[in-house]
Amino acid sequence: QGGAFDDDDDDDECVEPTPVMLFCRRLDHPFVYCGTLSYVAHDPHRIPIRFVFGLDHFDTLQASAPFQALVQAAQAAITATG
């Protein structure tokens with residue numbers, strides 16, 4: 001038996017991967033395209049099921065002004081509620 005994130009694919013069919021793209025936005029602001037994601041793991045025993053993805057182009061995204069605005073807004077919200 002595997003751990004919490006058991007990636008045992010023995011009983012899964014081989015399927016073509018579907019691109020997963022991440023779009024984020026602040027309320028009343030336009031969406032920001034945050035790039036594509038790659039599957040890292042999942043926990044099928046958790047309800048609801050948990051999927052973990054990684055940002056494919058985080059280094060490029062970090063230099064994006066719209067993404068930085070999202071990060072700064074999130075940090076400000078955390079600080080305000082903190």
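These questions and answers go through the strands, aromatic pairs, surface patch and backbone features of a predicted model.

Q: What makes E1 and E2 a strand pair?
A: Two strands pair if DSSP finds at least two bridges between them. E1 and E2 have 4 bridges, in the antiparallel sense.

Q: What makes E2 and E3 a strand pair?
A: The requirement is at least two bridges. E2 and E3 pair over 6 bridges, again in the antiparallel sense. Asp43 stands opposite Arg50 in E3. A hairpin of 6 residues joins E2 to E3.

Q: Why does the pair of Phe23 and Tyr33 tie together parts apart in sequence?
A: Phe23 lies in strand E1 and Tyr33 in strand E2, so the pair links parts that are 10 residues apart in sequence.

Q: Why do Phe23 and Tyr33 count as partly exposed?
A: Buried means under 20% relative accessible area and exposed means over 50%, with partly exposed in between. Phe23 has 46%, so Phe23 is partly exposed. Tyr33 has 42%, so Tyr33 is partly exposed.

Q: What makes the pair of Tyr39 and Phe53 edge-to-face?
A: Edge-to-face calls for planes over 60 degrees apart, with centres within 6.5 Å. Tyr39 and Phe53 show 80° between the planes and 6.4 Å centre to centre. Tyr39 lies in strand E2 and Phe53 in strand E3, so the pair ties together parts that are 14 residues apart in sequence. Tyr39, Phe51 and Phe53 form one aromatic cluster.

Q: Which residues make the nonpolar surface patch?
A: The patch is made by Val20, Tyr39, Ile49, Phe51 and Phe53, and covers about 440 Å². Val20 sits in strand E1 (residues 20–24).

Q: Why is Asp28 called exposed?
A: Exposed means over 50% relative accessible area. Asp28 has 69%, so Asp28 is exposed. Asp28 is placed in the loop between E1 and E2. Asp28 has a positive phi of about 65° although it is not a glycine.

Q: Where is the cis peptide bond, and what is its omega?
A: A cis peptide bond joins Ile47 and Pro48, with omega at about -5°. Pro48 is in the loop between E2 and E3.

Q: What is Gly54 in contact with, beyond its neighbours within four places in sequence?
A: Contact means heavy atoms within 4.5 Å. Gly54 has such contacts with Thr36, Leu37, Ser38 and Val40. Gly54 is found in strand E3 (residues 50–55). Gly54 and Thr36 are 18 residues apart in sequence, and their C-alpha atoms are 8.6 Å apart in space.

How values were computed. Residues numbered from 1 in each chain as written. Predicted model: local features only at pLDDT ≥ 70, side-chain atom pairs only at ≥ 80, totals over all residues. Heavy atoms only, no water. Patch = residues over 30% accessible without salt bridge, like charges linked within 9 Å, V, L, I, M, F, W, Y side chains within 5 Å. Areas by Shrake-Rupley, 256 points an atom, 1.4 Å probe, with all protein chains shown as cover. Salt bridge = Lys/Arg side-chain N within 4 Å of Asp/Glu carboxyl O. Helix = DSSP H or I, 4+ residues; strand = E, 2+ residues; numbered from the N terminus. Buried < 20%, exposed > 50% of the residue type's maximum accessible area, 1.4 Å probe, protein only. Phe/Tyr/Trp six-rings, centres within 6.5 Å; stacked < 30°, edge-to-face > 60°.
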